[in-house]
Amino acid sequence: MKGRKQKIFEKSKTSKQKNRTESEGYVGGQTFMWITENNRINNPNETGYDLLEMILSPTNLNLAYKKVKQNNGASGVDEMKVESLSDYLVQHKDSLIESILNGKYRPDAVRRVEIPKDGGKKRNLGIPTVVDRVIQQAISQELSKLYEPQFSAHSFGFRPKRNAHQALEKCKKYISKGYNYVVDMDLEKFFDTVNHSKLIELLSRAVKDNRVVSLIHHYLNGGVRVGQTFEPTKEGVRQGGPLSPLLSNIMLNELDKELEHRGHKFVRYADDFLILCKSKRSSNRVMESITNFIENKLFLKVNREKSQTTSIRGVKFLGYSFYKFRGECRLRVHPKSIAKMKAKLKELTSRSNGWGNERRKESLSQYIKGWINYFKWADMKSILLRIDEWYRRRLRMVIWKQWKRIRTKIANLIKLGVKKSKAYEWANTRKSYWHTSKSFILSTTITRERLKVSGYVFLSDYYLKVRIVN
């Protein structure tokens with residue numbers, strides 16, 4: 001039993017098949033000069049022919065299984081949970097691997113989930129089944145080894161040992177050297193509009209094992225389940241699966257190579273990228289030419305309403321904004337990021353969510369620490385002090401409501417050092433919770449120090465503890 005859980009996938013007895021034909025299900029699919037209907041036999045001497053066997057190796061599949069289990073996540077259309085994955089794979093691993101090797105495996109449709117975006121809009125996620133997540137993760141692990149050496153040094157999103165802070169540091173270096181104008185381009189619904197034909201073409205240039213390209217093509221065309229309705233997927237790489245980040249980088253690597261060829265200074269994080277220029281005129285010229293490349297060569301759509309050429313002060317990138325001090329670029333938190341953070345704190349300090357104090361403290365602590373750890377590169381001490389004042393008032397409002405009864409309010413105020421007459425007066429106030437939370441009585445009794453002792457974390461305190469001096 002112990003050995004079974006440690007290694008789900010035993011070594012497959014299926015030998016590597018030389019000169020095998022591509023999967024039957026690929027008949028009638030999109031064809032290219034790399035994959036044609038009349039030329040489907042892989043060359044066994046060609047580098048990369050055994051890529052599918054490498055993807056399905058016990059070591060790689062076990063690593064993929066552990067990653068999926070670690071990430072947990074929601075179930076797909078088959079409603080199988082991650083907890084059931086181990087038992088399923090122990091029973092069906094051989095038939096699963098065999099069906100993939102002989103080209104008969106067909107992925108399930110992904111389950112549509114909508115998550116809110118800024119401005120009240122929704123982002124569509126496609127949640128694969130847990131079995132498909134393992135297979136996608138296994139593909140991604142091997143393809144990453146192939147593509148990482150090809151990816152640009154200016155690309156930072158969804159890549160090992162690269163992150164948003166490194167992307168921001170790159171921007172700072174360019175801006176400090178005088179690149180004070182940016183082309184801030186927005187790709188309209190990028191993940192939903194990736195052209196399948198173009199993506200398969202790009203994959204086929206580097207992936208010599210046509211069976212792997214075919215398997216990925218089946219994932220792209222797997223469809224979406226919305227409630228009880230099935231929708232075909234003729235374009236897009238659905239966010240939510242382990243494979244979509246890598247596929248998006250493969251597509252946008254073509255943009256990186258074009259920008260490098262033209263000698264531009266740029267930074268890209270997934271589909272969010274800036275091109276930095278030294279003048280307004282050059283930024284306008286770059287905007288026009290790169291828009292033509294994106295739309296005519298990559299078959300993607302540039303959102304002209306959201307795209308802009310502007311000075312570095314007018315741009316939002318990865319939640320940050322930029323400014324210069326004594327010739328050096330520095331970072332601030334963008335006002336929209338501040339507004340979003342305050343909205344979240346307001347939600348977590350709601351008077352009517354029914355939470356107990358311990359759950360509220362834990363949720364606030366996790367959110368505040370996570371937010372500060374991401375934005376610790378920004379200069380924001382003064383603004384955090386102001387937000388903390390508002391945040392403490394929110395906490396006083398919640399506590400005042402929790403006391404509910406007049407006698408409870410009187411007793412607690414007296415414990416906090418308020419005279420009995422004043423405690424009686426304030427306990428009987430008819431003013432609103434929010435109005436009362438700013439009163440002299442509560443401000444001097446439910447103090448910052450007492451809130452900290454009780455377990456509440458404040459933004460300015462944690463920022464001073466972890467900040468990065470840039």
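**Figure 1. Buried residues of helix α8 in the predicted model.** The buried positions of α8 are His196, Lys198, Leu199, Ile200, Glu201, Leu202, Leu203, Ser204 and Ala206. Because 9 of the 11 residues in this helix (residues 196–206) are buried, α8 is largely enclosed by the rest of the structure. The buried set packs against four helices, namely α5 (130–147), α9 (210–220), α10 (244–261) and α11 (280–297).

**Figure 2. The buried and exposed sides of helix α16.** In α16 (residues 420–427), the buried residues are Ala423, Trp426 and Ala427. Viewed down the helix axis, these residues fall within an arc of 100° and therefore line one face of α16. Ser421 and Tyr424 are exposed and are carried on the face turned away from the buried side. The packing partners of the buried residues of α16 are α14 (381–403), α15 (406–415), α17 (433–436) and α18 (440–443).

**Figure 3. Crossing of helices α15 and α16.** The two axes, those of α15 and α16, come within 9 Å and cross at roughly 140°. The crossing of this pair is right-handed. On the α15 side, the contact is made by Ile406, Lys409, Ile410, Leu413 and Ile414, while α16 contributes Lys420, Ala423, Tyr424, Trp426 and Ala427. Classified by residue type, the contact of α15 with α16 comprises 8 nonpolar and 2 charged residues, with no polar residues. Among the contributors from α16, Ala423, Trp426 and Ala427 are buried, whereas Tyr424 is exposed.

**Figure 4. Leu318, a residue with positive phi in the loop between β8 and β9.** Most residues other than glycine have a negative phi. Leu318 is not a glycine, yet has a positive phi of about 55°. The loop that holds Leu318 runs between β8 (308–311) and β9 (320–325). With a relative accessible area of 13%, Leu318 is buried.

**Figure 5. Arg326, a residue with positive phi in the loop between β9 and β10.** Arg326, also a residue other than glycine, has a positive phi near 55°. Arg326 is located in the loop between β9 and β10 (328–333). Its relative accessibility is 77%, so Arg326 counts as exposed.

Methods: Residues are numbered from 1 along each chain as its sequence is written. This is a predicted model: local features need pLDDT of at least 70, side-chain atom pairs count only at pLDDT 80 or more; totals for chains, interfaces and linings use all residues. Side-chain values use heavy atoms; hydrogens and water are left out. Buried means under 20% relative accessible area, exposed over 50%, partly exposed in between (1.4 Å probe, protein chains only). Helices (H or I, at least four residues) and strands (E, at least two) are DSSP runs, numbered from the N terminus. The arc is that of the directions from the helix axis to the C-beta atoms. Contact means heavy atoms within 4.5 Å. Axes are lines fitted to C-alpha atoms, for helices over the stretch in contact, and angles run from 0 to 180 degrees between N-to-C directions. A crossing is left-handed if the near helix is turned anticlockwise from the far one by less than a right angle, and right-handed if clockwise. Ala, Val, Leu, Ile, Met, Phe, Trp, Tyr, Cys and Pro count as nonpolar, Asp, Glu, Lys and Arg as charged, and the others, Gly among them, as polar.
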